[in-house]
Amino acid sequence: MGLCLAEFENADALRAAAERAVEAGYSAIETYTPFPVPGLERYSRRGRNSLPGIVLVGGILGGLASYGIQFYANVVSYPLNSGGRPPHAILAFIPATFEGTVLGAGVAAFLGFCYLLRLPSLWHPLFEIDGFERASIDRFWLSLAIQGTAYSRIAELLTQSGALRVVEMSGP
């Protein structure tokens with residue numbers, strides 16, 4: 001499995017090439033543009049995002065941990081009869097439990113975000129392509145996952161769509 005990358009001069013040519021690639025049956029499409037291009041998101045089929053589940057689990061664990069710390073400190077380790085209240089005063093534990101839930105969810109969001117995006121990523125094989133750095137300045141790139149001998153067929157399709165050049169990258 002490899003990648004077929006095509007460089008385009010403008011967003012309209014990139015959008016047209018992405019549309020033709022989807023019509024040809026390619027679904028693993030990735031685009032690299034210097035600014036958001038309206039309409040491109042419908043061509044890249046993304047799976048379901050798992051970050052909300054990670055944040056939910058982090059929040060639940062943070063809430064349980066903060067409640068558990070308070071329970072251990074006030075009921076098990078050092079029960080203190082202060083003002084006649086019971087050692088396990090649930091209402092007194094609510095504010096700190098809420099804060100622990102928010103902290104756990106926030107930390108899980110940050111770590112989950114970094115993990116899912118494989119950050120920090122200081123190097124990627126695409127950076128080795130001459131001229132790819134212009135994807136953040138004035139060029140538009142389209143990446144398609146290809147298998148076997150499909151490169152010549154997709155290269156022809158992309159060239160007909162207005163690609164300035166087409167580059168093949170072999171995968172792992």
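Predicted model: local features only at pLDDT ≥ 70, side-chain atom pairs only at ≥ 80, totals over all residues.
In helix 4, which spans residues 151-160, the buried positions are Ile 154, Ala 155, Leu 157 and Leu 158. These residues lie on the same side of helix 4, because the arc that they cover around the axis is only 160 degrees. In general, an α-helix has 3.6 residues a turn, so residues three or four places apart point the same way. Just after helix 4, a positive phi of about 105 degrees is found at Gly 162.

Arg 139 is located in the loop between helix 3 (90-116) and strand 3 (140-146). With a relative accessible area of 15%, Arg 139 is classed as buried, because this value is under 20%. The side chain of Arg 139 is joined to that of Glu 7 by a polar contact of 3.0 Å. When residues up to four places away in sequence are not counted, Arg 139 touches Glu 7, Phe 8, Glu 9, Tyr 32, Thr 33, Pro 34, Arg 134 and Leu 164.

A nonpolar patch on the surface is formed by Leu 56, Val 57, Ile 60, Leu 61 and Leu 64, which together have about 510 Å² of accessible area. Leu 61 belongs to helix 2 (residues 51-77). The relative accessible area of Leu 61 is 54%, and Leu 61 is therefore exposed, the cut-off being over 50%.

Technical notes:
Residues numbered from 1 in each chain as written. Heavy atoms only, no water. Patch = residues over 30% accessible without salt bridge, like charges linked within 9 Å, V, L, I, M, F, W, Y side chains within 5 Å. Areas by Shrake-Rupley, 256 points an atom, 1.4 Å probe, with all protein chains shown as cover. Salt bridge = Lys/Arg side-chain N within 4 Å of Asp/Glu carboxyl O. Helix = DSSP H or I, 4+ residues; strand = E, 2+ residues; numbered from the N terminus. Buried < 20%, exposed > 50% of the residue type's maximum accessible area, 1.4 Å probe, protein only. Polar contact = N/O pair within 3.5 Å; in protein donor to acceptor, adjacent residues only side chain to side chain. Contact = heavy atoms within 4.5 Å. Arc of directions from axis to C-beta.
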